Amino acid sequence: KAALSTAPSAATTTMASEKASCGSVRGELCDLFRTALSVSYPDVAADPVVAPCGNAKNGDYQCNNAMALFGKLKGAPNAPKAPRDVANAILGALPANDLVSETSLAGPGFINIRLNKDFLSKRLSNMLVNGLAGWAPAGYIGKKVVIDFSSPNVAKEMHVGHLRSTIIGDTLCRIFEYSGADVLRLNHVGDWGTQFGMLIEHMADTRKARVAAGGEDKDADEDVSDLQELYRAAKKRFDDEEEFKTRAREAVTRLQSGDPVSLAAWQRICAASRREFEAIYSRLGVTLQERGESFYNPMLKGVVDELKDAGVATIDDGATCVFVEGQSVPLIVQKSDGGFGYASTDMAALKHRLNEEKADWIVYVTDVGQSQHFELVFAAAKKAGWLVEGSGPKVSHVGFGLVLGEDGKRFRTRSGDLVRLVELLDEAKSRCAATLRERRVEAGEEVNEAEVEEAACAMGYGAVKYADLKNHRTTNYKFSFDDMLNLKGNTAVYLLYAHARIAGIVRKAEKDVYAAAATTPISLDHPKELELALHLCKLPEALEDAIAELAPNRVTDYLYDLSEKFNSFYVDCKVLGSEQEASRLLLCEATAVVMRKCFEMLGIKPLYRI
Ligand code: ARG
């Protein structure tokens, strides 16, 4: 049977003694156990492993160091006889604190930890009084984090793959920003390359034809009004007409050598593309700084020369390549015809982000299909000495899976094209607007179109984002409006309703909960109250995990669990009109506040009334 002991408790703690930034409870427990470890075993290096208990019956958290330490100490003079002795020694050295109320030993030497109710209650009151600023994951203040995401290609439609990059990238940015990092949101737009030759030539031909038919000899908006069509038409001629192909190639050369007429045509195409991208970003509430591939043009030759001079890149079959161990193919930084490509640009971009932007962490968000490309780029940068394994700036590729249609195949329209993003957003929104109007009519309320429009955007775009983020990013998922707009289950719509319902409870009480939070203690006597409070205090941990794994679904999982914990509390604990109303209203409001923080991290606008 587990031995129970009461942990030493710090004298008295007041709300004011709470630190401004505390990070996670788990982090604070780690600090406590780190101290205990260094006191009881000063000569053994060990980082405490503290994690939530698998079974809530045993405790809230668990420290699992004793067994590993026992192994390390074997054979030493005065070595402990059993892992349990190690665990007891650690417990004996645990500093006085106000978090831990009880500890117990289980199994070979697990230390189960029960948190102090008072500590949780004060932490929640403090959060209501002072806001959530202190709940951000610790360790990122002032760190420069570059996130390369969205990054669509000019003259091609932004498709559902770019949607994933945009949504996942934006959420990562938001979590890092909340954590105090200095985030640079970069849009590495594909705005350079040989495809521009055929586009420019085709545009020039269209204009000639227009003049021949009696039209004016000047640029027309219609030339770039349908960029996909422009791309399709130009590509067809490029593939079919030898003469056009030659001209397109010459146009590329002219563009690369800075010919003003070609440059102007290129700029018109980019500007038209940018307008389309911006329209989508503004609907999704995503901000990005455009720094396309063309930005790095002036640096390409220098970077490749540097790699050659350092012996990092070698000529193979006429191409300049960086060979790296364990990879079947090299990174080609200059093609045999002397041209620079996608990889050359990524090497230049990486160097720029390290040297000019002084990035501490560079994160790339693309589909998993580009994993090898990034492995090669990172390995080449290590070979060149720009990056050092285990120290200095970090780089990460955040790969994601495919979006599938209802048929389980790659998401395409009937005509076989990749689905257009705008149409998806339109449909999600109009479906939500229809439901909202219906509800108003059913309830005998007047339909306020402006309000419906706003709520439909929040719900529709929120549903699309949430359906994407809730999957682990590497899994392929099925895009289904019916599923993502479901009122029940793990959907944004359900969670938005849940939030609105809680906001409604608090509104109905007509009390100033924020004033009350400073004076009314939050009682956690009912097990459901305690369970909810404990989960609320785990928000920083969910965000820490999301950053550590670059996995936004850590936040959606947390949020969904929270709504379930709230429901279970609300079933068992009467709020309005109960004796505990004042305290329970504070729990309701704390839940709403934490839900809103999660929505904010996910880029979803909360609704207060649905
Ligand atoms: N434009 C590329 C694509 O659509 C993604 C670029 C990702 N970023 C990078 N630095 N390579 O596939």
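**Entry 1: a strand pair.** I looked up V146 and found that its bridge partner in β7 is L184. I note that the model is predicted. I then examined the two strands concerned: β6 covers residues 144-148 and β7 covers residues 182-187. They run parallel and are joined by 5 bridges.

**Entry 2: the sheet.** I next asked in which order the strands of this sheet lie. I read the order β8-β7-β6-β12-β13 in an open sheet of 5 strands, and the pairing is parallel. At the edges I found β8 (289-290) and β13 (394-400), each of which pairs on one side only. I recorded as background that strands of a sheet pair through backbone hydrogen bonds.

**Entry 3: a helix on the sheet.** I found helix α5, residues 160-178, packed on the sheet. I listed β6, β7, β12 and β13 as the strands that α5 touches. The direction of α5 makes about 155° with that of β12.

**Entry 4: the ligand.** I asked which residues are around the ligand. I listed D148, S151, P152, N153, H188, G190, D346, A349, Y364 and T366. Sorted by class, this shell has 5 polar, 3 nonpolar and 2 charged residues. I noted that α11 (342-355) and β12 (361-367) each supply at least two residues of the shell.

**Entry 5: the domains.** I took the bounds from the domain assignment: domain 1 is 4-115, domain 2 is 195-284, domain 3 is 292-400 and domain 4 is 421-602. The centres of domain 1 and domain 4, taken over C-alpha atoms, are separated by 34 Å. I found 6 residues of domain 1 in contact with 6 residues of domain 4. On the domain 1 side, I recorded 2 nonpolar, 2 polar and 2 charged residues.

Key:
Residues are numbered from 1 along each chain as its sequence is written. This is a predicted model: local features need pLDDT of at least 70, side-chain atom pairs count only at pLDDT 80 or more; totals for chains, interfaces and linings use all residues. A residue is near a molecule or strand if its C-beta atom, placed from the backbone, lies within 6 Å of it. Helices (H or I, at least four residues) and strands (E, at least two) are DSSP runs, numbered from the N terminus. Ala, Val, Leu, Ile, Met, Phe, Trp, Tyr, Cys and Pro count as nonpolar, Asp, Glu, Lys and Arg as charged, and the others, Gly among them, as polar. Two strands pair if DSSP finds at least two bridges between them. Two residues are in contact if their C-beta atoms, placed from the backbone, lie within 7 Å. Axes are lines fitted to C-alpha atoms, for helices over the stretch in contact, and angles run from 0 to 180 degrees between N-to-C directions. Domain bounds come from an automatic or database domain assignment.
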